[in-house]
Amino acid sequence: MMASGQEQNAAIDGLVSVSNRIMLGIESSCDDTSIAILKGRELLGQFAAVQHIHSKYGGVVPEFASRAHQAHIVPVLQGALKEAGCRLDQIEGVAYTRGPGLHGSLLVGSAFARSLAWSLGIPMYPVHHMRAHVVAHWMADATLTPRQPMMALTVSGGHTQLLEVRSPTDMEVIGTTMDDAAGEAFDKVAKMLGLPYPGGPEVDRLAALGNPQAFRFTAPKMEGHNFSFSGVKTSVLRVLEKTLSGGVEVSDALIQDVCASVQSTIVSILIGKLEAAALEKGMKSIAIQGGVSANSGLRKAVQELGQKHQWDVHIPPFCYCTDNGAMIALSGQFAAENSQAGSLGEAPLARWQIT
Ligand code: KG4
Ligand code: ZN
């Protein structure tokens, strides 16, 4: 149930305070191992290992990802402790990504986290990865108390979701993708263009040099709050085939124009849905989060959308857009405030809906 007016702000304020406990957060849902240590809400240290092995395959190879997590997780923990100037016996809780994500990757992080908490005799907190992307807003701004609930758009490599966010622990999904996620669309187009994985940042970089009007890609007609991106991907393929069969050579300029045009198409689909949902629900705050919220075109368009309607705009700093241990640790702090510790027997969940 949604509260109104002052009641909402009171609820949000109440949940934002966290006590000063030291919480470790372990993220291992996909290809990066990231561990952060928070004292209350203050980031004491964060350390990550990026997996470069996938770049030559044009996407994450799950078996390689889980093996790399196994190799990285102990050194990443040591790195985080060193950064934080903290000893293991000072940690008071271990939060970890229980799902959704790649099963093998989740297995490594969750088994490690649960064993660590059990051996230290401290509580463990299973965290929902997609909820944690939203929680990243409270990491970026400790005093975040939106005027009203936020209409929040999560755009990552595996998910695209529109959510009504009433607090860091109270959110509801109102729309999702029917096929590819926004990040996946960026990555697949990049692969077609021969760019390395992850393709999103590459498309973003090259788009800045190209003409967004150079090509017209078909945007899907999807009713309501749901999304579809597979048509955009096919449309890029068709346009490329047609252009190249007409004798046009692949050049840097051509690639830059395709990147600029596809980025503009994806951003306008996302912005259209965000605007319609916020208007329909009468929201005065909008937010984006997840890896694709690092995209410069999307960040600019969301700012412009906010200015157009006089809405508050929430965009995380770059370090909290893509997967990070801090958002997991802060989710653990909120879970601890609400006495929601998990148990040793909780297996990872590769598929897990926000309920
Ligand atoms: O949230 P995230 O780090 O991991 C998942 O939970 O999936 O998101 C990764 C996705 C990848 O698809 C990557 O290409 C995309 O975020 N991404 C970007 C940018 N930076 C990362 N997409 C477009 N522009 C960017 N600057
Ligand atoms: Zn993510």
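This is a predicted model: local features need pLDDT of at least 70, side-chain atom pairs count only at pLDDT 80 or more; totals for chains, interfaces and linings use all residues.
Which residues in α5 meet which residues in α7? Residues are numbered from 1 along each chain, ligands are numbered from 1 as written, and side-chain values use heavy atoms.

To the helices. Lys188, Val189 and Met192 of α5 meet Lys233, Val236, Leu237 and Leu240 of α7, contact meaning heavy atoms within 4.5 Å. These residues divide into five nonpolar, no polar and two charged; here Val, Leu and Met count as nonpolar and Lys as charged.

The axes of α5 (residues 182-192) and α7 (residues 230-245) come within 10 Å and cross at roughly 20°. Axes are lines fitted to C-alpha atoms over the stretch in contact, with angles from 0 to 180 degrees between N-to-C directions. The two helices are therefore roughly parallel, a term for angles under 35 degrees.

I turn to the metal site. His129 (NE2), His133 (NE2) and Asp323 (OD) coordinate the zinc ion (ligand 2) at 2.0 to 2.1 Å; donors are N, O and S atoms within 2.8 Å of the metal (3.2 Å for Na, K and Ca), and sites may look incomplete because water is not among the atoms. Along the chain, the donors follow the spacing H-x3-H-x189-D. His129 lies in helix α4 (residues 129-140) and Asp323 in the loop between β10 (312-314) and α10 (325-337), so the pair ties together parts that are 194 residues apart in sequence.

Methods
Helices (H or I, at least four residues) and strands (E, at least two) are DSSP runs, numbered from the N terminus. Angles under 35 degrees count as roughly parallel, over 145 as roughly antiparallel, 65 to 115 as roughly perpendicular and the rest as oblique.
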